[in-house]
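These are my notebook entries on one structure. I wrote down what I looked up, one topic at a time.

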Amino acid sequence: MNRGSKFIFGIMTVGIFFMLSLAVGAAVIEKAEEKKDDIPKFFVPKPPPSGSFPCSKCHTYRAIDKKKRKLELSHTGITLKHAEEQRWCYDCHEGDKLKLQNGQLIDFDKSYLLCGQCHGTIFRDWKAGIHGKRTGLWEGEKVYLLCVSCHDPHQPKYKPIEPKEPPMKPADIKLKK
Amino acid sequence: MSKKIRNNPLGISMDRRMFLKSAAAGIAAASALPVSAADAFDINAFLQKHFREMTEDEIKKVIGRLEKEASLEWKKDVRISAAKATPGVKFGYGLDLSRCIGCRKCVYACVSENNQSRNPQVHWISVLKFKKGEKWIDLENSEKYYNPKEVPEKDSFYMPVQCQQCEDSPCVKACPTQATWKEPDGIVVIDYNWCIGCRYCMAACPYGARRFNWSKPNVPANELNTETHYLGNRPRYKGVVEKCTFCIQRTRAGKYPACVEVCPVGARKFGNLLDPKSEIRYLIENKRVFRLKEDLNTNPKFYYFFAT
């Protein structure tokens with residue numbers, strides 16, 4: 001074998017390896033989604049869709065522009081502060097659905113699968129009931145919130161809120177006569 | 001005819017007729033005292049036994065009397081439960097210090113759920129603020145009265161402290177009347193009808209978790225939570241000690257405590273320590289956990305943890 005054919009053979013081997021691993025990876029994700037047991041059953045209702053849902057009402061008439069730019073015509077309310085250097089709309093959105101890394105399209109109410117791709121440890125804690133808020137019964141049916149119920153997916157840092165008033169200092173507590 | 005009934009060292013001699021006469025006069029005088037309906041003296045309240053020595057029937061009677069009293073006073077149907085601990089349950093609590101933002105929503109949810117006095121103010125939860133990176137375990141150097149526009153503040157973290165429901169509770173050991181004890185499900189409770197208000201338990205508690213009613217608890221009638229438990233949030237009296245009971249009226253009915261349900265960041269976790277599948281067991285096994293003042297051997301069932 002000469003050098004050139006060795007090189008081509010090497011590329012092919014690597015390529016086949018990558019394709020195989022991708023396929024296996026996709027199968028694993030699909031399997032994880034099928035295994036419904038560890039996914040909690042009870043959610044709060046879907047987060048209210050923003051004014052621009054469904055996406056298809058405009059995007060069927062627009063060509064896909066994957067270039068990063070400042071949006072001036074629409075979606076002006078969205079500021080991307082979530083690994084914005086590496087990311088653009090079409091990494092997570094496609095049509096009226098969300099897009100996983102393996103290309104699989106999912107509904108908005110399964111958005112935890114999208115978030116769980118990167119935030120795996122948090123996803124695991126969320127399924128166990130450690131991350132995020134639970135209401136309901138401590139030994140029974142619980143209501144789980146979706147990631148996006150508390151975190152804006154485009155700016156996920158939890159927003160500061162106003163605290164309730166501080167307790168009275170002992171000196172200010174007066175007994176009623 | 002004056003027959004001595006028995007020897008008496010004071011040398012008072014009284015015959016049968018004289019005794020009966022004076023006794024009758026005494027009863028007549030006592031019954032003539034002005035008694036208003038509101039503070040009618042109920043002999044049953046005086047003769048009430050210790051809660052753990054009462055039979056089911058006796059508990060039912062006491063609860064009936066207390067419900068009647070409370071409903072009269074608040075002009076509302078107040079229900080007092082005496083639900084017992086479920087076998088195989090020991091409650092544990094988890095609080096994620098990496099998530100708590102110090103908003104104090106738990107404090108006020110607790111006040112309205114558990115009918116604490118509004119003025120004078122009684123809070124069962126204290127949220128302490130610490131500077132990040134400094135030696136912080138000196139609880140006395142923490143800030144309790146912080147009041148910024150928004151929380152969380154930069155370089156600060158927050159630690160809510162409430163009753164730690166110790167397995168070896170110093171408060172229970174200190175009580176001279178056994179008015180406070182640990183229930184089989186691990187909740188340390190107080191019988192407000194048995195507490196004499198000596199506050200020894202408050203001095204004994206290393207967490208400052210107990211509160212004293214210096215005056216009659218002041219709760220607006222429209223804000224009164226009428227779903228109550230005898231050992232928990234039923235209306236209290238002046239001069240008794242109270243504290244967090246993990247919302248005994250909710251948790252014994254299967255629900256989460258009020259502070260867990262209100263926490264906006266989901267920092268508060270609750271569950272059965274004896275159930276290996278519970279949230280609390282998961283976090284104890286998988287997260288970095290500590291308990292407050294562990295060195296005192298009080299063995300709290302309140303676990304602070306870091307989820308990140």
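**Entry 1: K67(A).** I began with K67(A), which I found in the loop of chain A between α2 (56-59) and β1 (93-94). I keep in mind that this is a predicted model. Is K67(A) buried or exposed? I counted 5 C-beta neighbours inside 10 Å, and a residue with 12 or fewer is exposed, so K67(A) counts as exposed. I then looked up K99(A), which lies 32 residues from K67(A) along the chain. The C-alpha atoms of K67(A) and K99(A) are separated by 18 Å.

**Entry 2: chain A as a whole.** I listed 5 helices and 5 strands for chain A. Along the sequence I read their pattern as α-α-β-β-β-α-α-β-β-α. Chain A has 177 residues, of which 11% count as buried. I also looked at contacts in chain A with a separation of 6 or more: 51% of them join residues 24 or more positions apart.

**Entry 3: confidence in chain A.** I noted a mean pLDDT of 80 for chain A, with 72% of its residues at 70 or more. Where is the confidence in chain A lowest, and where is it highest? The lowest mean, 54, belongs to helix α1 (residues 3-34) of chain A, and the highest, 93, to α4(A). Over residues 25-34 of chain A I found pLDDT below 50. Beyond near neighbours in sequence, this stretch has 5 contacts in the model.

**Entry 4: where chain A meets chain B.** I found 27 residues of chain A in contact with 38 residues of chain B. On the side of chain A that touches chain B, α4 (120-128) and β4 (134-136) of chain A each supply at least two residues. Which element gives the most to this side of chain A? It is β4(A), with 3 residues. Sorted by class, the side of chain A that touches chain B holds 13 nonpolar, 8 charged and 6 polar residues.

**Entry 5: a sheet in chain B.** I traced an open sheet of 4 strands in chain B, in the order β10-β2-β12-β11, with mixed pairing. Its edge strands are β10 (268-272) and β11 (288-290) of chain B, each of which pairs on one side only. Neighbouring strands of the sheet are turned against each other by 30° on average, direction ignored.

I then followed the pairings of β2(B). Strand β2 (residues 91-96) of chain B runs parallel to strand β12 (residues 302-306) of chain B, and 4 bridges join the two. Within this pair, L95(B) has Y304(B) in β12(B) as its bridge partner. With β10(B), β2(B) pairs in the antiparallel sense over 5 bridges. Here Y93(B) stands opposite F270(B) in β10(B). I also noted that β10(B) is mostly covered, since 5 of its 5 residues are buried.

Entry 6: I turned to helix α3 (residues 56-74) of chain B, which has 19 residues. What span should I expect for this helix at 1.5 Å a residue? The end C-alpha atoms of α3(B) are 26 Å apart, which agrees. After α3(B) comes K75(B), and I recorded its phi as positive, near 55°.

Methods: Residues are numbered from 1 along each chain as its sequence is written. Chains are lettered from A and ligands numbered from 1 in the order in which they are written. This is a predicted model: local features need pLDDT of at least 70, side-chain atom pairs count only at pLDDT 80 or more; totals for chains, interfaces and linings use all residues. A residue is buried if 20 or more other C-beta atoms lie within 10 Å of its own, exposed if 12 or fewer, and partly exposed in between; C-beta atoms are placed from the backbone. Two residues are in contact if their C-beta atoms, placed from the backbone, lie within 7 Å. Ala, Val, Leu, Ile, Met, Phe, Trp, Tyr, Cys and Pro count as nonpolar, Asp, Glu, Lys and Arg as charged, and the others, Gly among them, as polar. Two strands pair if DSSP finds at least two bridges between them. Axes are lines fitted to C-alpha atoms, for helices over the stretch in contact, and angles run from 0 to 180 degrees between N-to-C directions. The expected span of a helix is 1.5 Å times one less than its number of residues. pLDDT is the predictor's confidence in each residue, from 0 to 100.
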